[in-house]
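Me: Can you walk me through this model? I'd like the overall picture, then the cavities and a few residues.

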Amino acid sequence: MPFPSDHLIVGWSVSLTDAQWARIEPLLPDRTPKRGGRWRDHRRVIDAIAFKYRTGTPWMDLPEQLRSWKGAHNRLRTRAADGTWEKVFTALLAQAHAEGDLDWVVAVDSTVVRAHQHAAGARKKAPAGEPVNHPLGRSRGGLTTKIHLAADSRCRPLAFVVTPGQAGDAPAFPEVMARLRVPRPIGRPRTTPVMVLADKAYSSRAIRTHLRRRGIRAVIPQPAGQAANRKRRGSRGGRPPAFDRDAYKQRNTVERCINRLKQWRGLATRYD
């Protein structure tokens with residue numbers, strides 16, 4: 001059933017502000033199509049996509065004020081396939097870094113997204129260029145997807161990796177770190193945080209070695225089982241890993257980042 005008026009759209013606060021649009025507009029491709037008629041206005045399309053994921057409404061039930069749902073859906077898929085959204089995300093990170101607005105104390109964690117029955121139609125044999133099962137997996141919560149992400153100290157996402165829901169946190173850690181690349185005006189992109197904060201699920205020798213080799217300070221607590229095993233081995237167990245309790249208090253930033261993401265109902269529950 002269509003929404004009756006514009007005030008509901010405004011009430012959800014999904015429309016881009018003028019300041020946000022001024023940053024995004026130069027990063028989007030030309031609106032002139034290669035052939036045929038005219039493209040819809042980019043800003044209206046992005047508002048439609050944002051409304052869909054903020055409210056979790058089905059595509060076909062988008063308000064009439066946002067025009068054709070097919071146009072918004074097709075633009076979302078097209079720009080995902082050609083990498084436009086990823087380029088926009090990277091460019092915005094680069095702008096923030098150039099303005100000194102990006103913090104390099106990074107926290108890493110993951111969150112599970114329950115898949116709705118409408119998301120269960122992904123083909124088992126995906127066409128070329130598409131991820132296998134998009135990625136959907138089965139965990140104790142049923143059909144799920146897991147989002148692994150890194151966030152800065154201001155609760156803003158810096159890198160994402162999406163896996164099936166049953167995937168572990170630690171195996172995805174190197175890929176999350178590999179996707180942390182922020183371009184700079186001169187030189188290579190910055191890829192090295194000052195510090196990485198993570199919970200006990202990331203306490204492994206491989207992860208600590210990975211961070212130490214890259215000169216990144218690891219703030220990861222050691223599980224009781226690992227500590228007990230080290231003590232049983234005596235001098236062969238080595239010294240306990242360094243752990244800064246005060247610095248670890250900042251790890252809540254990634255939890256708050258996840259909470260912000262899940263305020264968008266289309267991301268808290270996977271409908272597509």
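Me: What share of the contacts with a separation of 6 or more is between residues 24 or more positions apart?
Reply: Those pairs account for 61% of such contacts in the protein, where contact means heavy atoms within 4.5 Å. This is a predicted model, so local features need pLDDT of at least 70 and side-chain atom pairs count only at pLDDT 80 or more, while totals for chains, interfaces and linings use all residues. Residues are numbered from 1 along each chain as its sequence is written, and side-chain values use heavy atoms, with hydrogens and water left out.

Me: How many helices and strands?
Reply: Eleven helices and seven strands. They are DSSP runs numbered from the N terminus, with helices being H or I of at least four residues and strands E of at least two.

Me: And how much of the protein is buried?
Reply: Of its 272 residues, 38% count as buried. Buried is under 20% relative accessible area, exposed is over 50% and partly exposed is in between, with a 1.4 Å probe and protein chains only.

Me: Which residues line the largest cavity?
Reply: Leu-28, His-42, Val-45, Ile-46, Arg-75, Arg-79 and Trp-85. Helices H3 (42-55) and H4 (69-81) each give two or more of them, and H3 gives the most, with three. The lining has four nonpolar, one polar and two charged residues. Nonpolar covers Ala, Val, Leu, Ile, Met, Phe, Trp, Tyr, Cys and Pro, charged covers Asp, Glu, Lys and Arg, and the others, Gly among them, are polar.

Me: What about the second largest pocket, how much space is in there?
Reply: About 620 Å³. It is lined by 23 residues, with Arg-205, Arg-208, Gln-222, Arg-239 and Pro-241 nearest its centre. Helix H7 (205-213), strand S6 (217-219) and helix H8 (224-232) each supply at least two lining residues, and H7 gives the most, with four.

Me: And which residue classes make up that lining?
Reply: Seven nonpolar, eight polar and eight charged.

Me: Different topic. How many aromatic pairs?
Reply: Four, counting rings of Phe, Tyr and Trp (its six-membered ring) with centres within 6.5 Å; planes under 30 degrees apart are stacked, over 60 edge-to-face and the rest tilted. One of them is Phe-89 with Phe-160, tilted, at 5.8 Å centre to centre and 55 degrees between the planes. Phe-89 is in helix H5 (residues 84-98) and Phe-160 in strand S4 (residues 157-164), 71 residues apart.

Me: Where does Leu-180 sit?
Reply: In the loop between helix H6 (169-178) and strand S5 (195-197). Leu-180 is buried, at 1% relative accessible area. Its C-alpha is 8.5 Å from that of Phe-160. Beyond neighbours within four places in sequence, its contacts include Trp-104, Val-106 and Pro-193.

Me: Last one: what is the phi of Cys-155?
Reply: Positive, about 65 degrees, although Cys-155 is not a glycine. Cys-155 is in the loop between strand S3 (142-151) and S4, and is buried with a relative accessible area of 3%.

Definitions and conventions. 1 Å grid on protein atoms, 1.4 Å probe; cavity = no way out; pocket = protein on both sides within 12 Å on 5 of 7 lines; lining within 4 Å. Points joined across faces, edges and corners; volume = space filled by probe spheres on them.
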